[in-house]
Amino acid sequence: MSTEESSRFVRIRVEILLEVHDEDAVTAAALRRLAEDEEIPDAERAHAESAVTEDTAEALAYLVDPFDLVGEVDGVELQQASWSSERVEYDPDSPEWDLDEDDVDEDGDPDDESDGAAGGTG
């Protein structure tokens, strides 16, 4: 029996590259979300406020929630998620940023995993 047939768990890998046009707006949105979060302990809130104020990438990491991607999908329950953010240099013409690079495995053969084509790219 293959892993596909025997496991109910599916890992989806997503990489998103965002261009920030207004760092102050991103920071303000993260601070608003922190202020509205009643479940966050005060010590953690103070640390998070400091982090999102000092680094726009941290603010975005706080605003982007994987649960939002699948929370309304019937028949699934998010079991675990992790994500991070970092500032990067971006050159859309560089082969490093080729979105199809994951479609080939180490042997140079087409990857057997679904490439998410049904979900499209935005």
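I will start with Ala 57, which touches Ser 85, Glu 86 and Arg 87, not counting residues up to four places away in sequence. Contact here is heavy atoms within 4.5 Å. The C-alpha atoms of Ala 57 and Val 88 are separated by 9.9 Å, and the two residues are 31 apart along the chain. Ala 57 sits in helix α4 and is buried, with a relative accessible area of 8%. On terms, buried is under 20% relative accessible area, exposed is over 50%, and partly exposed is in between, with a 1.4 Å probe and protein chains only.

Now the basis. This is a predicted model, in which local features need pLDDT of at least 70 and side-chain atom pairs count only at pLDDT 80 or more, while totals for chains, interfaces and linings use all residues. Residues are numbered from 1 along each chain as its sequence is written, and side-chain values use heavy atoms, with hydrogens and water left out.

The overall picture next. Helices (H or I, at least four residues) and strands (E, at least two) are DSSP runs, numbered from the N terminus. Of the 122 residues, 13% count as buried. Among contacts between residues at least 6 apart in sequence, 46% join residues at least 24 apart. The accessible surface comes to about 11000 Å², and 46% of that belongs to carbon and sulfur atoms. Accessible areas come from the Shrake-Rupley method with a 1.4 Å probe; for residues, only the protein chains shown count as cover.

Back to α4. Six of its eight residues are buried, so α4 is largely enclosed by the rest of the structure. The buried ones are Thr 56, Ala 57, Ala 59, Leu 60, Ala 61 and Leu 63, and they pack against α2 and α3. What caps the N-terminal end of α4? Asp 55 does, with a side-chain oxygen 2.9 Å from the backbone nitrogen of Ala 57. The polar-contact cut-off is a pair of N or O atoms within 3.5 Å; within protein, one must be able to donate a hydrogen and the other to accept it, and residues adjacent in sequence count only if both atoms are side-chain atoms.

The core follows from this region. The largest nonpolar core has nine residues: Val 26, Ala 30, Leu 34, Ile 40, Ala 48, Val 52, Ala 59, Leu 60 and Leu 63. Helices α2, α3 and α4 are the elements that each give two or more residues to this core. By definition, a nonpolar core is a set of buried Ala, Val, Leu, Ile, Met, Phe, Trp, Tyr and Cys residues joined through side-chain atoms within 4.5 Å. Leaving aside neighbours within four places in sequence, Val 26 is in contact with Val 20, Thr 56, Ala 59, Leu 60 and Leu 63. Thr 27, in helix α2, is buried, at 12% relative accessible area. With the neighbours within four places again set aside, Thr 27 contacts Val 52, Thr 53, Thr 56 and Ala 59.

Now charges. How many salt bridges does the structure hold? Two, where a salt bridge is a side-chain nitrogen of Lys or Arg within 4 Å of a carboxyl oxygen of Asp or Glu. In one of them, Arg 87 pairs with Glu 23, the closest N and O atoms being 3.3 Å apart. Arg 87 lies in the segment after α5 (66-70) and Glu 23 in helix α2, so the pair ties together parts that are 64 residues apart in sequence. Arg 87 is exposed, at 56% relative accessible area, and Glu 23 is partly exposed, at 39%. Asp 55 also forms a salt bridge with Arg 87, with the closest N and O atoms 3.8 Å apart. Asp 55 is in the loop between α3 (42-54) and α4 (56-63), so this pair ties together parts 32 residues apart in sequence. Asp 55 is partly exposed, at 25%. Through shared partners, Glu 23, Asp 55 and Arg 87 are joined into one network.

Last, the surface. Val 10, Ile 12, Val 14, Ile 16, Leu 18, Val 64 and Trp 83 make a nonpolar surface patch of about 740 Å². Patches are made of residues with over 30% relative accessible area and no salt bridge; like charges are joined within 9 Å, and nonpolar side chains (Val, Leu, Ile, Met, Phe, Trp, Tyr) within 5 Å. Ile 12 is in the loop between α1 (3-6) and α2 (23-36) and is exposed, with a relative accessible area of 67%.
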